[in-house]
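Subject: Structure handover

Hello,

Please find the structure below, with the sequence. My notes on what was found follow after it.

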Amino acid sequence: MPTMTIRPIALLFRLAVLLCLTFAAIPSAPAQPAGPAQTGALTPTDWNAALLAITRQLRDPRMDDDGFASLRADLDRLRVNASAERDQFKQAVATTQTQLDALGPAPASGQPREAPAVTESRRQLAVRLQSMQDSVKQAELALTRIVALQDEVADEARRQFTRQLLYRGTSPFNPDFWRNGIEDIKAVSAPVMAAPAQWWQADDGRRSGSTTLLQIIMVAVLSAALLIPMQRWLRQHYGIRPESGEPSAVRRTIAAFTVLIGHTAMPLVVLWATYAVLVGNDWATGLVGRMMYMLMQAVSIALLAHGLAQATLAPHHAAWSLIPLPEPQRSKLQRRVTAFSIGMVLIAILVGPSRVPDFGTAGRDMVIAAVALFLVASNLAFSDPRLWRPLSEDMRPLRLFAGLIFGLSVIALGAVLLGYYGFAAFLAYGLLGSALALGAYALVRSAVRDGLAHLADNPESRFRSWRQTLGLSGPMSTTSQLLLGLLADIVLFALLLIGLALAWGVSRATLIGYMLELFYGVTIGPVTISLGNILAALVVLVIGVGLTRFLSGGLNARLEQQPGIDPGVRNSKVTG
């Protein structure tokens, strides 16, 4: 097999170029009204209008999940702006106080009078200081109101979520369920069918279709030029090699991770980059925009399921399979994954009528029941005990996990038959999403661990030459491997928590709000813990240590080439 001349650094550079050009093709969002930091003049913002508007929206009885998500996003933005304004005014207070302290106190009675200009300056500074302090209090009051509204939005969303879970619709055994549901679907079929034409002909300030199409074509061409060679290089160097015989456990895991990248990660990059172009050009709006987003989610889940199946089962190469299932079970599981991937996309297309605002309750119950039934059937098909029974005792945790999903899916099926469609869909989707998230986490973590071990054990590894250049000493298996593995575990575990939260119904706006709060700082008593400050300190520390090691290694190598230098003197210079 001919070897490729493409190097990993070149591939990473190409990927970086793709991402930069993709984001460059996306127009920036409209500019927000200028705040104190943008105008240069420190003027307090009037937060009343924005907060009153959010309060009125929160009292609207028609508020749905999308509305709550929009309110959370607005409140998060207001909180960030209010925090920035408060900090700016606090800095202005400190600066004004310093200037006032430089003038000193006013002369006491009986002391010589000071110059009128100094007295006027002190008066102006005192007025400015009081104004800045009042602005700080206004910003802190706005922050208090914003936090209270965030709690109120969260409580109301939680109550609505509970109502949806406990809501019981008409049983599918009741003929009214089918008759009323079909009538509701027929009532909205005309506006749904007309929505694409209206969406295409709408003129609401978005970019032209030709410009958007050109940007999408550019993303596709760049993806083909940059990602396809990378995928080919990864497949040839780290992918499945049938001619190499029985692979080692490390080699098998790395090959599975390579398959997952090729079948899932790279298509998702292209898919969401294309969707980002549509969003940036204001084409993902209205009913069609919501349907488009649902389709993107469905395709992403289908690609993840397909990639995990290809990576762990290796359908055409049994020796490279991570899950040693016999052939009948392997073929059954692969066919079920394929059917699920196709069905997931079809379901996303068929639930479009449920996004119409005036869609009837009976029709919505029928759509949710259909989605729940599809997800329950998929979970039952994947967790069928007959599929996993041939596994050895080493795979006992996997069999127990499949049995747990099977049992909970039976409960979800009972909920569908009793009319608890919201609860059934919630449970089935959570189980499916958790299984996919845990499967991807286990595969990626094993691949990272095995990859680090492979780099440490390979004497000709390029990573070792990089470590020598940086002046790092000691075996990687006991130092760098441990630290890199710990860092990877932290990152992967955080991503796993995000995936599980999304699978169990936590909205993106809520997650973003939590992450922003953690990033900007959480106050516990007198202590404020800020993830942003911690990350900045770690970056500075890593860069500083790397530069120090690099300089000391280069200096040591140069001094070793000079004869007549005492080793103690050389070590002292390098240490200094």
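This is a predicted model, so please read the notes below with the confidence values in mind.

Confidence and overall make-up

The protein chain has a mean pLDDT of 81, and 82% of its residues reach 70 or more. Residues 1–13 have a pLDDT below 50, and beyond near neighbours in sequence this stretch has 18 contacts in the model. Over residues 21–40 the pLDDT also stays under 50, and here the model has 23 contacts beyond four places in sequence.

The secondary structure consists of 19 helices and 2 strands. The chain has 576 residues, of which 34% count as buried.

Two helix pairs

Two packed helices are described by the angle between their axes and the distance between the axes. I looked at two pairs in this way.

On the α3 side the contact is made by N48, L51, I54, T55 and L58, and on the α5 side by A142, R145, I146, L149, E152, V153 and E156. By class, the residues of the α3–α5 contact are 7 nonpolar, 2 polar and 3 charged.

In the second pair, the axes of α11 (residues 361–382) and α13 (residues 396–418) come within 9 Å, with a crossing angle of roughly 155°. Angles over 145 degrees count as roughly antiparallel, so α11 and α13 are roughly antiparallel to each other. The crossing of α11 and α13 is left-handed. From α11, the residues A372, L373, V376, N379 and L380 meet I405, F406, S409, V410, A412, L413 and V416 of α13. The α11–α13 contact has 10 nonpolar and 2 polar residues, and no charged ones.

Two loop residues deserve a look on the backbone side. D282 is in the loop between α8 (249–280) and α9 (286–313). Phi of D282 is near 65°, a positive value in a residue other than glycine. Is D282 buried, partly exposed or exposed? With a relative accessibility of 40%, D282 counts as partly exposed.

A314 is in the loop between α9 and α10 (327–350). Its phi is positive too, at about 45°, although A314 is not a glycine. A314 has a relative accessible area of 2% and is buried.

T253 lies in helix α8. The relative accessible area of T253 is 8%; the cut-off for buried is under 20%, so T253 is buried. Which residues does T253 contact, leaving aside its neighbours within four places in sequence? They are L322, L443, S446, A447 and D450.

Regards

Methods:
Residues numbered from 1 in each chain as written. Predicted model: local features only at pLDDT ≥ 70, side-chain atom pairs only at ≥ 80, totals over all residues. Heavy atoms only, no water. pLDDT = per-residue confidence, 0-100. Contact = heavy atoms within 4.5 Å. Helix = DSSP H or I, 4+ residues; strand = E, 2+ residues; numbered from the N terminus. Nonpolar A, V, L, I, M, F, W, Y, C, P; charged D, E, K, R; others polar. Buried < 20%, exposed > 50% of the residue type's maximum accessible area, 1.4 Å probe, protein only. Axes fitted to C-alpha atoms, helices over the stretch in contact; angles between N-to-C directions. Parallel < 35°, antiparallel > 145°, perpendicular 65-115°, else oblique. Left-handed = near helix turned anticlockwise from the far one by under 90°.
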